[in-house]
Amino acid sequence: MTKEKKALFIIFGGTGDLANRKLYPSLYRLYKNGYLNEHFAVIGTARREWSDEYYREVVVSKVEDLADTKEQAEEFASHFYYQSHNVKDLEHYTTLKNLADRLDDKYQLEGNRMFYLAMSPNFFGIIAENIKEQQLITSTGFNRLIIEKPFGHDYQSALELNTHIRSSFEEDQIYRIDHYLGKEMVQNISTVRFGNQLIESMWNNQYINNIQVTLSESLGVEERGGYYDTSGALRDMVQNHVLQIVALLAMEPPSIMHDNEIRQEKIKALRALRLYSKDEVRLNFVRGQYGHSTVNGETLLGYCEEQNVAEDSQTETFVAGKLFIDNVRWSGVPIYIRTGKRLAEKGTQIDIEFKNIPHQLFQTENDEPLPPNVLSIFISPTEGFSLQLNAKKIGPGMKAEPIKLTSIRSAEETANNPEAYEKLILDCLNGDATNFTHWDEVASSWEFVDRIREAWDETTMEFPNYPSGSMGPIESMYLLKKDGFQWHWKPVKTIADEMTDK
């Protein structure tokens, strides 16, 4: 039986895009599934002068497609209240506290409060400080602060922000959200590793040749040009999403599947990342920027032609790199990563390439060396697994050919998956920090990324250096080719064709 959660959600940035697209639908799904029922309330805050009635109309419009009836959506929205708010005005926090206290009594929330900072990171510190100073933190229930990325723009700014927030909240009250950690197949990494003796026994440098992580985006920067031009792919994607996936792939088995133990193993893996010198950065990392091109008859702007982007911008929209985890398990195994915008297709995929057996018994029957065994984990939009093996080709002789053991989730299964934000908000309600990032993870990630950024800032690139609709600069292919490897990325259509061929 679903256990109802009691809580007051105070959403700073309640009129923003994140709240409208992700938070309200996710809260509604929790409501529809019984995790939220009678004993919850939401206060949306922002600078706009909205009434409760108008705010509820907005909320209904964002969730009515998910509701069985409009009345159900309206009943859900009746728990929402709006408070116009200037985050720097102390009187507004007093007004907010009075409303919060009234709602706590009305809905019997037992002092449980979740503060969601869905706005510019520039305000994170001052909001956290005023929440404490103006006594919005209760003494009777839990108080949890959810923070969106980016958490700083380098190690020093992240440290200053963390110090500011930690003056008001303890580390176990802070939930730094990374929506990739809420994705079903990212959470499946641990199950595949630790739930299968076949896999875990070979999950080391004795059997694995290399690991590849691809986060590909087909869209450009769209309306985010102003933000993106101060960030770039390295800070926007590698520092958080990519390195979080790497940590899950590289971590040692925890003693138990509990948030503290899992976090500690992830922290150890990130701390073992090899920190490059500037010369090593230039050898092991590639950056790119997409250019003007025509794809399927559609003319696509180059990055520097996008709205709110400088005409001579040196901001990278693509990153590829070779990482090393310097510990006993992973010594000598390269981990190749890449992420970029305006690439050929949207998709996230992990490929683990295993070493070939030392003596190829069937080589005389085959014109070329047998391909390696590859385990592929498809994160999105396709969800599933594929294992490439070698088998005898039908006919005379012992000629071998690669075959794939593939399990792809149906569109119906994928559609019925809980959305990432839904799962993460529920985790936070349960006090489960497994799929949130600890400060030590953030710090280690920034220390690694800052080395790359510092090396890049000393040189000027000839941009653009890859056309929209490609898979990035040609140098990202050479990054693997010089080591004798190649990317195993599979377009969605190819995966579908392989499933059809079965």
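Reader: What makes Arg 342 count as lying over the face of Tyr 290?

Author: Arg 342 is placed 6.0 Å from the ring centre of Tyr 290. The rule asks for NZ of Lys or CZ of Arg within 6 Å of the ring centre and within 35 degrees of the ring normal, and the pair is listed as lying over the face. Arg 56 is over the face of Tyr 81 too, at 4.8 Å from the ring centre. This is a predicted model in which local features need pLDDT of at least 70 and side-chain atom pairs count only at pLDDT 80 or more, while totals for chains, interfaces and linings use all residues. Residues are numbered from 1 along each chain as its sequence is written, and side-chain values use heavy atoms, with hydrogens and water left out.

Reader: Why is the contact between Arg 113 and Asp 101 called a salt bridge?

Author: The term requires a side-chain nitrogen of Lys or Arg within 4 Å of a carboxyl oxygen of Asp or Glu. The closest N and O atoms of Arg 113 and Asp 101 are 2.8 Å apart, so the pair qualifies. Arg 113 belongs to strand E4 and Asp 101 to helix H4, so the bridge ties together parts 12 residues apart in sequence. Helices (H or I, at least four residues) and strands (E, at least two) are DSSP runs, numbered from the N terminus.

Reader: How do you know whether Arg 113 is buried or exposed?

Author: Buried means under 20% relative accessible area, exposed over 50%, and partly exposed in between (1.4 Å probe, protein chains only). Arg 113 has 1% relative accessibility and therefore counts as buried, whereas Asp 101, at 27%, counts as partly exposed.

Reader: What do the accessibilities make of Lys 149 and Asp 236?

Author: Lys 149 has a relative accessible area of 26% and is partly exposed; Asp 236, at 3%, is buried. The two form a salt bridge with their closest N and O atoms 2.9 Å apart. This pair links distant parts of the chain, 87 residues apart: Lys 149 is in the loop between strand E5 and helix H6, and Asp 236 is in helix H10.

Reader: What makes E14 mostly covered?

Author: Eight of its eight residues are buried. Gly 347, Gln 349, Asp 351 and Glu 353 are buried on one side of E14, and Thr 348, Ile 350, Ile 352 and Phe 354 on the other. In a regular strand the side chains alternate between the two faces of the sheet.

Reader: How do you know that E14 and E15 pair?

Author: Pairing requires that DSSP find at least two bridges between two strands. E14 and E15 have six, in the antiparallel sense, and therefore pair. Asp 351 stands opposite Ser 376 in E15. Strand E7 and E14 pair in the antiparallel sense over eight bridges.
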